[in-house]
Amino acid sequence: MSSNLESVKDMLVFLGKSLFSILEALFFQLIPKPKKNVAGEIVLITGAGSGLGRLLALQFARLGSVLVLWDVNKEANEETLQVAREAGATRVHAYTCDCSRREDVYRVADQVKKEVGDVSILINNAGIVTGKKFLDCPDDLMEKSLDVNFKAHLWTYKAFLPAMVANNHGHLVCISSSAGLIGVNGLADYCATKFAALGFAESMFVETFAEKQTGIKTTIVCPFFIKTGMFEGCTTKCPTLLPILDPEYAVRKIIEAILQEKLYLYMPKFLYFMMFLKSFLPIETGMLIADYLGVFHVMDGFTGQKKKA
(Lines give C-alpha, C1' and ligand atoms only; values in the text may rest on other atoms or scores of the structure.)
Protein backbone atom coordinates (compact mmCIF):
# COMPACT_ATOMS: atom_id res chain seq x y z
CA MET A 1 0.00 0.00 0.00
CA SER A 2 2.76 2.44 0.95
CA SER A 3 4.66 1.66 -2.27
CA ASN A 4 1.51 2.44 -4.28
CA LEU A 5 1.11 5.76 -2.48
CA GLU A 6 4.77 6.54 -3.15
CA SER A 7 4.29 5.78 -6.86
CA VAL A 8 1.22 8.06 -7.02
CA LYS A 9 3.15 10.79 -5.23
CA ASP A 10 6.08 10.48 -7.66
CA MET A 11 3.67 10.61 -10.60
CA LEU A 12 1.95 13.75 -9.28
CA VAL A 13 5.28 15.46 -8.63
CA PHE A 14 6.44 14.51 -12.13
CA LEU A 15 3.25 15.84 -13.74
CA GLY A 16 3.37 19.04 -11.71
CA LYS A 17 6.99 19.75 -12.61
CA SER A 18 6.34 18.88 -16.27
CA LEU A 19 3.36 21.23 -16.46
CA PHE A 20 5.37 24.00 -14.79
CA SER A 21 8.28 23.56 -17.22
CA ILE A 22 5.90 23.74 -20.22
CA LEU A 23 4.15 26.85 -18.89
CA GLU A 24 7.52 28.45 -18.14
CA ALA A 25 8.72 27.76 -21.70
CA LEU A 26 5.50 29.23 -23.13
CA PHE A 27 5.86 32.29 -20.88
CA PHE A 28 9.38 32.95 -22.13
CA GLN A 29 8.16 32.61 -25.71
CA LEU A 30 5.92 35.61 -25.04
CA ILE A 31 8.28 37.53 -22.77
CA PRO A 32 12.00 37.02 -23.55
CA LYS A 33 14.25 35.85 -20.75
CA PRO A 34 16.37 38.55 -19.12
CA LYS A 35 19.89 38.61 -20.53
CA LYS A 36 22.76 37.70 -18.23
CA ASN A 37 25.75 39.98 -17.68
CA VAL A 38 28.98 38.67 -19.22
CA ALA A 39 31.20 41.63 -18.31
CA GLY A 40 34.41 40.26 -16.86
CA GLU A 41 33.70 36.70 -18.00
CA ILE A 42 36.66 35.01 -19.71
CA VAL A 43 35.40 34.04 -23.17
CA LEU A 44 37.49 31.71 -25.33
CA ILE A 45 36.62 31.56 -29.04
CA THR A 46 38.24 29.02 -31.36
CA GLY A 47 38.56 29.98 -35.00
CA ALA A 48 38.63 33.65 -33.98
CA GLY A 49 40.78 34.80 -36.90
CA SER A 50 37.93 35.37 -39.34
CA GLY A 51 34.25 34.97 -40.13
CA LEU A 52 31.87 34.09 -37.32
CA GLY A 53 34.67 33.86 -34.75
CA ARG A 54 35.84 37.42 -35.36
CA LEU A 55 32.30 38.80 -35.25
CA LEU A 56 31.61 36.97 -31.98
CA ALA A 57 34.79 38.45 -30.53
CA LEU A 58 33.64 41.96 -31.46
CA GLN A 59 30.27 41.45 -29.78
CA PHE A 60 31.78 40.10 -26.58
CA ALA A 61 34.27 42.98 -26.60
CA ARG A 62 31.35 45.42 -26.57
CA LEU A 63 29.82 43.46 -23.67
CA GLY A 64 32.94 43.92 -21.54
CA SER A 65 34.17 40.33 -21.58
CA VAL A 66 37.79 39.24 -21.32
CA LEU A 67 38.64 37.72 -24.69
CA VAL A 68 40.85 34.72 -25.42
CA LEU A 69 41.25 34.28 -29.17
CA TRP A 70 42.46 31.01 -30.69
CA ASP A 71 43.28 30.48 -34.34
CA VAL A 72 45.79 28.51 -36.38
CA ASN A 73 46.44 31.66 -38.46
CA LYS A 74 48.54 33.97 -36.28
CA GLU A 75 48.27 37.01 -38.57
CA ALA A 76 44.48 36.79 -38.89
CA ASN A 77 44.13 36.28 -35.15
CA GLU A 78 46.23 39.38 -34.44
CA GLU A 79 43.90 41.33 -36.74
CA THR A 80 40.94 40.16 -34.67
CA LEU A 81 42.78 41.25 -31.52
CA GLN A 82 43.24 44.74 -32.93
CA VAL A 83 39.63 45.17 -34.06
CA ALA A 84 38.43 43.80 -30.70
CA ARG A 85 40.46 46.46 -28.92
CA GLU A 86 39.00 49.10 -31.22
CA ALA A 87 35.53 47.76 -30.31
CA GLY A 88 36.21 48.36 -26.62
CA ALA A 89 37.94 45.24 -25.31
CA THR A 90 40.28 46.17 -22.46
CA ARG A 91 41.59 42.64 -21.94
CA VAL A 92 42.12 40.56 -25.04
CA HIS A 93 44.66 37.79 -25.62
CA ALA A 94 45.52 36.05 -28.88
CA TYR A 95 47.04 32.57 -29.03
CA THR A 96 48.11 30.58 -32.05
CA CYS A 97 46.60 27.11 -31.68
CA ASP A 98 46.00 24.26 -34.10
CA CYS A 99 42.77 22.83 -32.69
CA SER A 100 43.20 19.68 -34.77
CA ARG A 101 46.15 18.70 -32.56
CA ARG A 102 45.27 17.49 -29.07
CA GLU A 103 48.73 18.27 -27.69
CA ASP A 104 48.52 21.82 -29.03
CA VAL A 105 45.10 22.34 -27.42
CA TYR A 106 46.32 21.14 -24.02
CA ARG A 107 49.57 23.14 -24.23
CA VAL A 108 47.86 26.42 -25.13
CA ALA A 109 45.06 25.77 -22.62
CA ASP A 110 47.63 25.52 -19.82
CA GLN A 111 49.15 28.78 -21.03
CA VAL A 112 45.73 30.48 -20.96
CA LYS A 113 45.04 29.28 -17.42
CA LYS A 114 48.37 30.66 -16.20
CA GLU A 115 48.27 33.95 -18.07
CA VAL A 116 44.54 34.81 -18.13
CA GLY A 117 42.62 32.59 -15.71
CA ASP A 118 39.82 30.04 -15.83
CA VAL A 119 37.72 30.20 -18.99
CA SER A 120 34.04 30.62 -18.10
CA ILE A 121 32.52 30.77 -21.60
CA LEU A 122 33.92 28.32 -24.15
CA ILE A 123 32.85 28.76 -27.78
CA ASN A 124 33.88 25.91 -30.06
CA ASN A 125 33.59 27.68 -33.39
CA ALA A 126 36.60 26.53 -35.45
CA GLY A 127 35.60 24.57 -38.52
CA ILE A 128 36.67 23.51 -42.00
CA VAL A 129 34.78 22.08 -44.96
CA THR A 130 36.14 19.88 -47.75
CA GLY A 131 33.11 20.30 -50.00
CA LYS A 132 33.80 17.02 -51.80
CA LYS A 133 31.65 13.97 -52.46
CA PHE A 134 32.58 11.15 -50.07
CA LEU A 135 34.40 8.92 -52.59
CA ASP A 136 36.27 11.93 -53.99
CA CYS A 137 37.50 13.15 -50.60
CA PRO A 138 41.06 12.14 -49.64
CA ASP A 139 41.39 10.36 -46.30
CA ASP A 140 43.69 12.99 -44.84
CA LEU A 141 41.13 15.74 -45.52
CA MET A 142 38.37 13.73 -43.85
CA GLU A 143 40.59 13.12 -40.83
CA LYS A 144 41.41 16.83 -40.65
CA SER A 145 37.71 17.67 -40.80
CA LEU A 146 36.99 15.29 -37.91
CA ASP A 147 39.91 16.66 -35.90
CA VAL A 148 38.93 20.33 -36.27
CA ASN A 149 35.13 20.14 -36.34
CA PHE A 150 34.61 17.51 -33.66
CA LYS A 151 37.63 16.15 -31.79
CA ALA A 152 38.77 19.65 -30.82
CA HIS A 153 35.56 19.92 -28.77
CA LEU A 154 36.63 16.90 -26.73
CA TRP A 155 40.02 18.39 -25.93
CA THR A 156 38.75 21.89 -25.09
CA TYR A 157 36.09 20.42 -22.77
CA LYS A 158 38.76 18.27 -21.08
CA ALA A 159 40.93 21.37 -20.65
CA PHE A 160 38.37 23.89 -19.37
CA LEU A 161 35.37 22.00 -17.97
CA PRO A 162 37.05 20.96 -14.66
CA ALA A 163 37.31 24.60 -13.51
CA MET A 164 33.68 25.20 -14.49
CA VAL A 165 32.65 22.16 -12.44
CA ALA A 166 34.74 23.31 -9.47
CA ASN A 167 33.13 26.77 -9.62
CA ASN A 168 29.69 25.51 -10.71
CA HIS A 169 29.84 28.31 -13.25
CA GLY A 170 30.37 28.26 -16.99
CA HIS A 171 28.83 28.20 -20.44
CA LEU A 172 29.65 25.70 -23.19
CA VAL A 173 28.79 26.85 -26.72
CA CYS A 174 28.85 24.47 -29.67
CA ILE A 175 28.67 25.96 -33.16
CA SER A 176 27.26 23.00 -35.06
CA SER A 177 25.25 23.35 -38.27
CA SER A 178 22.00 22.52 -40.02
CA ALA A 179 24.25 19.83 -41.53
CA GLY A 180 24.38 18.39 -38.01
CA LEU A 181 20.62 17.89 -38.12
CA ILE A 182 19.99 16.63 -41.66
CA GLY A 183 22.28 14.82 -44.09
CA VAL A 184 23.36 16.90 -47.09
CA ASN A 185 24.43 15.69 -50.53
CA GLY A 186 28.12 16.49 -51.02
CA LEU A 187 28.80 17.09 -47.31
CA ALA A 188 29.09 13.56 -45.89
CA ASP A 189 32.27 14.13 -43.88
CA TYR A 190 31.17 17.60 -42.72
CA CYS A 191 27.74 16.29 -41.68
CA ALA A 192 29.40 13.48 -39.72
CA THR A 193 31.51 15.96 -37.77
CA LYS A 194 28.60 18.31 -37.07
CA PHE A 195 26.27 15.49 -36.01
CA ALA A 196 29.06 14.35 -33.68
CA ALA A 197 29.64 17.83 -32.26
CA LEU A 198 25.91 18.26 -31.59
CA GLY A 199 25.58 14.82 -30.02
CA PHE A 200 28.60 15.41 -27.79
CA ALA A 201 27.41 18.84 -26.63
CA GLU A 202 23.92 17.51 -25.96
CA SER A 203 25.31 14.54 -24.01
CA MET A 204 27.52 16.82 -21.93
CA PHE A 205 24.50 18.99 -21.17
CA VAL A 206 22.69 15.88 -19.92
CA GLU A 207 25.75 14.85 -17.92
CA THR A 208 26.06 18.22 -16.16
CA PHE A 209 22.29 18.26 -15.55
CA ALA A 210 22.34 14.76 -14.06
CA GLU A 211 25.27 15.77 -11.82
CA LYS A 212 23.22 18.80 -10.69
CA GLN A 213 25.88 21.21 -11.97
CA THR A 214 23.18 23.82 -12.53
CA GLY A 215 25.62 26.69 -12.96
CA ILE A 216 27.03 25.20 -16.17
CA LYS A 217 24.96 26.13 -19.23
CA THR A 218 25.03 24.79 -22.78
CA THR A 219 24.05 26.41 -26.08
CA ILE A 220 24.03 24.44 -29.34
CA VAL A 221 23.86 26.49 -32.53
CA CYS A 222 22.70 24.99 -35.85
CA PRO A 223 22.69 27.57 -38.65
CA PHE A 224 22.09 27.11 -42.36
CA PHE A 225 24.89 28.44 -44.60
CA ILE A 226 26.30 31.82 -43.50
CA LYS A 227 27.91 34.35 -45.85
CA THR A 228 31.37 34.12 -44.29
CA GLY A 229 33.06 32.72 -47.40
CA MET A 230 33.34 29.21 -45.95
CA PHE A 231 30.54 27.98 -48.22
CA GLU A 232 31.29 30.30 -51.12
CA GLY A 233 29.40 29.27 -54.26
CA CYS A 234 26.62 27.44 -52.44
CA THR A 235 23.09 28.45 -53.34
CA THR A 236 19.54 28.07 -52.08
CA LYS A 237 16.50 27.40 -54.23
CA CYS A 238 14.10 28.78 -51.58
CA PRO A 239 15.66 31.92 -50.05
CA THR A 240 12.41 32.75 -48.25
CA LEU A 241 12.44 29.50 -46.27
CA LEU A 242 16.17 28.68 -46.34
CA PRO A 243 18.11 31.91 -46.83
CA ILE A 244 21.90 32.12 -46.89
CA LEU A 245 22.33 33.91 -43.56
CA ASP A 246 23.83 37.34 -43.07
CA PRO A 247 26.82 37.01 -40.67
CA GLU A 248 25.84 39.99 -38.51
CA TYR A 249 22.31 38.62 -38.10
CA ALA A 250 23.64 35.15 -37.21
CA VAL A 251 26.04 36.52 -34.60
CA ARG A 252 23.33 38.72 -33.09
CA LYS A 253 21.08 35.68 -32.65
CA ILE A 254 23.94 33.57 -31.23
CA ILE A 255 24.83 36.25 -28.67
CA GLU A 256 21.16 36.56 -27.74
CA ALA A 257 20.89 32.78 -27.27
CA ILE A 258 23.99 32.72 -25.04
CA LEU A 259 22.84 35.67 -22.93
CA GLN A 260 19.40 34.09 -22.49
CA GLU A 261 20.95 30.66 -21.85
CA LYS A 262 18.99 28.90 -24.59
CA LEU A 263 19.94 25.29 -25.15
CA TYR A 264 19.17 25.19 -28.89
CA LEU A 265 19.33 27.80 -31.62
CA TYR A 266 18.37 26.82 -35.18
CA MET A 267 18.63 29.42 -37.96
CA PRO A 268 16.47 30.11 -39.88
CA LYS A 269 13.40 29.17 -37.83
CA PHE A 270 12.16 26.99 -40.69
CA LEU A 271 14.71 24.39 -39.49
CA TYR A 272 12.57 23.75 -36.40
CA PHE A 273 9.67 22.85 -38.69
CA MET A 274 11.92 20.67 -40.86
CA MET A 275 13.07 18.73 -37.80
CA PHE A 276 9.44 18.28 -36.72
CA LEU A 277 8.57 16.89 -40.16
CA LYS A 278 11.64 14.63 -40.13
CA SER A 279 10.44 13.03 -36.90
CA PHE A 280 7.32 11.45 -38.40
CA LEU A 281 7.06 11.78 -42.19
CA PRO A 282 7.78 8.76 -44.42
CA ILE A 283 11.32 8.92 -45.82
CA GLU A 284 9.95 9.16 -49.38
CA THR A 285 7.98 12.26 -48.45
CA GLY A 286 11.02 13.74 -46.76
CA MET A 287 13.09 13.22 -49.92
CA LEU A 288 10.36 14.86 -52.03
CA ILE A 289 10.44 17.90 -49.74
CA ALA A 290 14.24 18.03 -49.88
CA ASP A 291 14.13 17.84 -53.68
CA TYR A 292 11.48 20.58 -53.85
CA LEU A 293 13.60 22.84 -51.61
CA GLY A 294 16.69 22.16 -53.75
CA VAL A 295 18.61 20.65 -50.82
CA PHE A 296 20.20 18.00 -53.07
CA HIS A 297 21.95 20.71 -55.10
CA VAL A 298 23.04 23.32 -52.54
CA MET A 299 26.68 22.25 -52.91
CA ASP A 300 26.75 22.13 -56.73
CA GLY A 301 28.46 25.50 -57.10
CA PHE A 302 30.73 25.19 -54.05
CA THR A 303 34.12 26.85 -54.43
CA GLY A 304 34.96 27.39 -50.75
CA GLN A 305 36.99 29.97 -48.89
CA LYS A 306 39.23 31.99 -51.19
CA LYS A 307 42.80 32.01 -49.91
CA LYS A 308 44.56 35.35 -49.61
CA ALA A 309 47.29 35.92 -52.11
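The buried residues of helix H3 pack against helix H2 (51-62), strand E2 (66-71) and strand E3 (92-96); contact here means heavy atoms within 4.5 Å. Before I continue, a word on the basis: this is a predicted model, in which local features need pLDDT of at least 70 and side-chain atom pairs count only at pLDDT 80 or more, while totals for chains, interfaces and linings use all residues. Residues are numbered from 1 along each chain as its sequence is written, and side-chain values use heavy atoms, with hydrogens and water left out. Helices (H or I, at least four residues) and strands (E, at least two) are DSSP runs, numbered from the N terminus.

Helix H3 covers residues 74-86, 13 residues in total, and spans 19 Å from its first C-alpha to its last, close to the 18 Å expected at 1.5 Å a residue; that expectation is 1.5 Å times one less than the number of residues. Which residues of H3 are buried? They are Ala76, Asn77, Thr80, Leu81 and Ala84, where buried means under 20% relative accessible area, exposed over 50%, and partly exposed in between, with a 1.4 Å probe and protein chains only. Viewed down the axis of H3, these buried residues fall within an arc of 150°, so they line one face of the helix; the arc is taken from the directions from the helix axis to the C-beta atoms. On the face turned away from that buried side, H3 carries the exposed residues Glu75 and Glu86.

Now to the two ends of the helix. At its start, a side-chain oxygen of Asn73 comes to within 3.2 Å of the backbone nitrogen of Glu75. Just after H3, Gly88 adopts a positive phi of about 120°.

Let me turn to the strands. E2 and E3 run parallel and are joined by five bridges; two strands pair if DSSP finds at least two bridges between them. Within this pairing, Val68 stands opposite His93 in E3. E2, H3 and E3 form a right-handed β-α-β unit, meaning that, with the strands pointing away from the viewer, the path from the first strand over the helix to the second runs clockwise. E1, H2 and E2 also make a right-handed β-α-β unit.

Finally, strand E1 (residues 42-46): five of its five residues are buried, so E1 is largely enclosed by the rest of the structure. Ile42, Leu44 and Thr46 lie on one side, and Val43 and Ile45 on the other.

Conventions
A polar contact is a pair of N or O atoms within 3.5 Å; within protein, one must be able to donate a hydrogen and the other to accept it, and residues adjacent in sequence count only if both atoms are side-chain atoms.
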